[in-house]
Amino acid sequence: MLGRRLPLAGEGSLGNIAAWCAGAGAGLAYLLAHLVETKRGLHRWRGELPRAKRIFDAFALTLATGMLAYLAIMAIASLFQLGFQGLTVDPVGGGVLAGAAAAAMTYIGALVGSRVTSESIALLATLQLFTGTMASMVSSPDASWWQLHFSQLGNEAGQSGYRFNVSLIITGFVLIALSNYIGNDVRRGLVARDADDPKLVRLLSWLFAAIGICMAIAGAVPDAENIVVHVGAASGMLVVFAVLVFVSLRRIVDVPRELAVFSLIVVVGIVVAVLLWVPFGYYNLTGTEFMAASLLFAWLTVYVRTLAAYAEPRGIAPAASGLDRGTAGVPAAPTNGERTAEDDR
């Protein structure tokens with residue numbers, strides 16, 4: 001802080017310093033925890049992936065964790081600045097606050113990195129997109145952006161457009177990283193049902209990765225720079241999503257019925273959202289994009305959680321060594337040296 005008293009939020013503020021420290025700490029903690037757990041044998045299946053893919057996944061998830069921590073601290077600082085208008089913080093107090101924020105986010109980053117699952121990655125993608133979009137909305141200099149479409153946020157110069165576009169790119173990267181975790185869950189579920197199908201696993205992984213690729217392209221090429229590429233990438237996400245739903249429901253053996261029902265609800269919901277825009281004119285394109293994105297990420301959460309449960313073998317887990325589960329209505333046989341109620345009597 002160079003001996004200065006700084007406000008909580010804004011350009012050159014304490015919140016800005018704390019956010020950069022928290023983002024760097026959370027990203028580094030995630031990466032180190034992930035590497036340590038991988039060395040201990042977590043996710044051995046990832047050793048079958050190409051080295052470039054493993055490096056990209058680690059980079060994407062590290063970047064997303066750091067960016068999410070950065071945005072979270074910026075949001076908290078802005079909220080407190082609204083509550084304490086005119087407040088400035090001295091260097092000693094500011095150092096303590098920034099250090100506490102960085103420590104908290106570093107701890108969270110370490111927790112996330114030590115237990116990476118498909119569900120945690122899906123949650124990271126959802127939070128990244130939501131937080132980045134909200135940060136761009138509240139900092140947008142154009143109060144009427146919503147009268148056009150969400151892509152208008154990415155067309156703006158300054159921090160607003162930067163945050164929106166970067167959030168789209170990072171979320172796309174996270175979905176690409178998630179694709180192999182999805183494929184692994186499907187493979188485990190198929191193997192447990194004696195229906196292993198490597199081609200189906202690769203197809204589902206590539207389809208899911210294609211959604212992330214389209215999202216990253218939409219963020220890298222804003223609407224104002226090339227409308228054809230931007231709209232094509234955004235439309236491509238919906239097309240690939242439809243294909244992914246169709247293949248999942250038709251090809252995955254013993255797919256849970258709940259997933260089929262929810263997928264149908266989401267598809268119908270997207271169609272209704274479009275119809276409310278054209279031809280009924282109930283709201284504009286921004287409303288349609290908001291409804292469609294909400295439904296897609298709701299489906300993503302259910303899809304990932306369903307496949308995580310699908311990956312577990314069916315039936316009762318085997319009993320632990322040295323224990324007898326017994327049978328219904330019959331007490332388990334005592335082990336050597338164990339007293340029973342009959343012995344006590």
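How many nonpolar, polar and charged residues does the lining of the largest pocket have? By class, that lining has 29 nonpolar, ten polar and two charged residues. Here Ala, Val, Leu, Ile, Met, Phe, Trp, Tyr, Cys and Pro count as nonpolar; Asp, Glu, Lys and Arg count as charged; the others, Gly among them, count as polar.

## Model and overall layout

This is a predicted model, in which local features need pLDDT of at least 70, side-chain atom pairs count only at pLDDT 80 or more, and totals for chains, interfaces and linings use all residues. Residues are numbered from 1 along each chain as its sequence is written, and side-chain values use heavy atoms, with hydrogens and water left out.

The chain has eleven helices and two strands. These are DSSP runs, numbered from the N terminus: helices are H or I with at least four residues, strands are E with at least two. Along the sequence the pattern reads β-α-α-β-α-α-α-α-α-α-α-α-α. The C-alpha trace spans about 80 × 60 × 45 Å along its principal axes.

Of the 345 residues, 43% count as buried. Buried means under 20% relative accessible area, exposed means over 50%, and partly exposed lies in between (1.4 Å probe, protein chains only). Take the contacts (heavy atoms within 4.5 Å) with a separation of 6 or more: residues 24 or more positions apart account for 76% of them.

Rolling a probe the size of a water molecule over the atoms shows where empty space is left. The search uses a 1 Å grid over the protein atoms alone. A pocket is an open set of points with protein on both sides within 12 Å along at least five of seven lines; a cavity is a set where a 1.4 Å probe fits but cannot get out. Lining residues have an atom within 4 Å of a point. Grid points are joined across faces, edges and corners, and a volume is the space filled by probe spheres set on the points.

The largest pocket has a volume of about 1,300 Å³. It is lined by 41 residues, and M237, E289, F290, A292 and A293 are the closest to its centre. Helices α4 (118–138), α6 (159–192), α7 (198–220), α8, α9 (257–277) and α10 (285–310) each supply at least two lining residues. The largest share, 13 residues, comes from α10.

The second largest pocket has a volume of about 540 Å³. Of its 22 lining residues, M74, A75, S78, V138 and R163 are the closest to its centre. Helices α1 (14–39), α2 (51–83), α4 and α6 each supply at least two residues of this lining. The most comes from α2, with eight residues. The lining divides into twelve nonpolar, eight polar and two charged residues.

## One cavity

The count comes to one cavity of 30 Å³ or more. About 40 Å³ of space lies in the largest cavity. Y30, L61, V112, V116, S120, I121 and L124 line it. Three of these lining residues come from α4, the largest share. By class, the lining has six nonpolar, one polar and no charged residues.

A nonpolar core is a set of buried Ala, Val, Leu, Ile, Met, Phe, Trp, Tyr and Cys residues joined through side-chain atoms within 4.5 Å. The largest one has 72 residues, of which L178 and Y303 touch the most other members. Helix α6 gives the most to this core, with twelve residues. Leaving aside neighbours within four places in sequence, Y303 is in contact with I182, L204, F208, L244, S248 and L259.

S248 sits in helix α8 (residues 227–251). At 1% relative accessibility, S248 counts as buried. Its side chain makes a polar contact with the side chain of Y303 at 2.9 Å. A polar contact is a pair of N or O atoms within 3.5 Å; within protein, one must be able to donate a hydrogen and the other to accept it, and residues adjacent in sequence count only if both atoms are side-chain atoms. Not counting residues up to four places away in sequence, S248 touches L204, V255 and Y303.

## Loops and backbone

P256 lies in the loop between α8 and α9. P256 is partly exposed, at 23% relative accessible area. P256 and L307 are 51 residues apart in sequence and 9.0 Å apart in space, C-alpha to C-alpha. D254 is in the loop between α8 and α9, with phi near 60 degrees.

Most residues other than glycine have a negative phi, and most peptide bonds are trans. D194, in the loop between α6 and α7, has a positive phi near 55 degrees. D194 is exposed, at 76%. A cis peptide bond joins V278 and P279, with omega about 15 degrees.
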